[in-house]
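Open the model in your viewer and keep the selection tool at hand. Each stop below says what to select and what is there.

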Amino acid sequence: MTSIIKRNNVKILGKGTQPMLFAHGYGCDQNMWRYIYPAFEEDYKIVLFDHTGAGNSDESQYSFEKYNTLEGYSEDLLEICEELDLQDVILVAHSVSSMIGVLAAIRNPERFLKLILIGPSPRYINDEGYFGGFNHEDIVELMEALDSNYLGWSAQMAPVIMGNGERPELGEELTNSFCSTNPVIAKHFAQVTFLSDNRIDLNAVKVPALVVQCSQDIIAPKEVGEYVHKNLQNSSFRLLNATGHCPNLSAPDETIKVMKEFLVQSSNP
């Protein structure tokens with residue numbers, strides 16, 4: 001039996017005792033937090049990990065049955081918290097991990113103190129009275145492209161997702177991250193991500209949350225961020241000047257600033 005620490009390539013840093021757990025988005029790994037977490041190392045216990053099947057996790061532990069819904073990933077997140085006996089966790093989650101974190105916070109609310117959700121989306125496909133950013137046909141085409149040529153799709157889509165075309169090195173980094181993921185696992189995770197619908201779950205979250213939204217984001221448009229904020233009972237909303245879907249890479253200083261402001265304000269009601 002592989003240990004959870006090895007399975008999810010868990011790393012612990014920082015000088016503090018208050019745990020801050022960072023959960024990365026689709027096609028990424030814990031390295032995507034390298035510009036963010038150092039700003040919190042002095043005051044917090046930093047916990048980094050890779051989702052099973054991503055980064056340097058133990059790929060042999062990937063189960064298509066377990067990870068056929070986002071619940072499987074939320075189970076892993078809670079297992080890491082339990083294994084390390086983390087209490088009053090501040091969860092910092094990017095993209096699809098925001099909904100993974102929402103599910104974990106519903107399941108075990110006493111484990112979490114605060115949620116910081118960066119670029120969250122509870123549903124990517126438009127629905128009656130809801131704008132998710134994609135038509136169903138868009139997602140079908142995306143899945144077909146993933147299936148026929150994953151590396152080509154990654155090279156084309158990663159820079160678009162990243163935005164910030166004037167800084168091509170950012171798009172290249174995301175492309176390389178996508179391309180280093182096992183294509184079979186990446187396709188499965190994409191299907192689970194883009195077909196998920198967690199809108200009904202938002203109302204069940206009791207943990208205070210910060211919703212961080214980029215001003216231009218094709219994956220999670222502004223309307224989506226506002227929807228998440230409106231439907232989380234106890235949330236704050238911050239719209240960044242940053243563009244693209246990965247402000248943790250493209251605008252770390254601005255991202256750190258709103259995170260710190262939220263942590264201070266929510267500690268001093």
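**Stop 1: the cysteines.** How many disulfides are there in this predicted model? The count comes to zero. Select C28 and C246 and show their sulfur atoms. The sulfur of C28 has its closest cysteine sulfur in C246, 5.6 Å away. A disulfide needs the two sulfur atoms within 2.5 Å, so 5.6 Å is too far for a bond. The relation holds from the other end: for C246, the closest cysteine sulfur is in C28. Now colour by accessibility. Are C28 and C246 buried or exposed? C28 is buried, with a relative accessible area of 5%. C246 is buried too, at 3%.

Stop 2: Select S177. S177 sits in helix α6. Its relative accessibility is 10%, so S177 counts as buried. Which residues does S177 touch, leaving out those up to four places away in sequence? They are G27, C28, D29 and M32.

**Stop 3: the largest cavity.** Rolling a probe the size of a water molecule over the atoms shows where empty space is left. Two cavities of 30 Å³ or more turn up. The largest has a volume of about 130 Å³. Its lining holds 16 residues. Select Y26, S95, I161, F178 and H245, which lie nearest the centre of this cavity. Then show helices α5 (150-162), α6 (168-179) and α7 (183-194), the elements that give two or more residues to the lining. Colour the lining by class: eleven residues are nonpolar, five are polar and none is charged.

**Stop 4: the second largest cavity.** Here the volume is about 90 Å³. The lining has 15 residues. Select G27, G53, A54, T181 and F189 to find those nearest the centre. G27 was also among the contacts of S177. Which element gives the largest share of this lining? Helix α7 does, with three residues. By class, the lining has eight nonpolar and seven polar residues, with no charged ones.

**Stop 5: the largest nonpolar core.** This core has 63 residues. Select Y26, L70, F112, L115 and L174, the members that touch the most others. Zoom in on L115 and set aside its neighbours within four places in sequence. What is left in contact with L115? The list runs L91, A105, V205, V207, P208, A209, L210 and F262.

**Stop 6: the second core.** A separate core of 24 residues is also present. Its members include F22, I36, Y37 and V92. Select these four and show their side chains.

**Stop 7: out to the surface.** Select E141 in helix α4 (residues 136-148). Is E141 buried or exposed? E141 is exposed, with a relative accessible area of 51%.

Definitions and conventions: Residues numbered from 1 in each chain as written. Predicted model: local features only at pLDDT ≥ 70, side-chain atom pairs only at ≥ 80, totals over all residues. Heavy atoms only, no water. 1 Å grid on protein atoms, 1.4 Å probe; cavity = no way out; pocket = protein on both sides within 12 Å on 5 of 7 lines; lining within 4 Å. Points joined across faces, edges and corners; volume = space filled by probe spheres on them. Helix = DSSP H or I, 4+ residues; strand = E, 2+ residues; numbered from the N terminus. Nonpolar A, V, L, I, M, F, W, Y, C, P; charged D, E, K, R; others polar. Buried < 20%, exposed > 50% of the residue type's maximum accessible area, 1.4 Å probe, protein only. Core = buried A, V, L, I, M, F, W, Y, C linked by side-chain atoms within 4.5 Å. Contact = heavy atoms within 4.5 Å.
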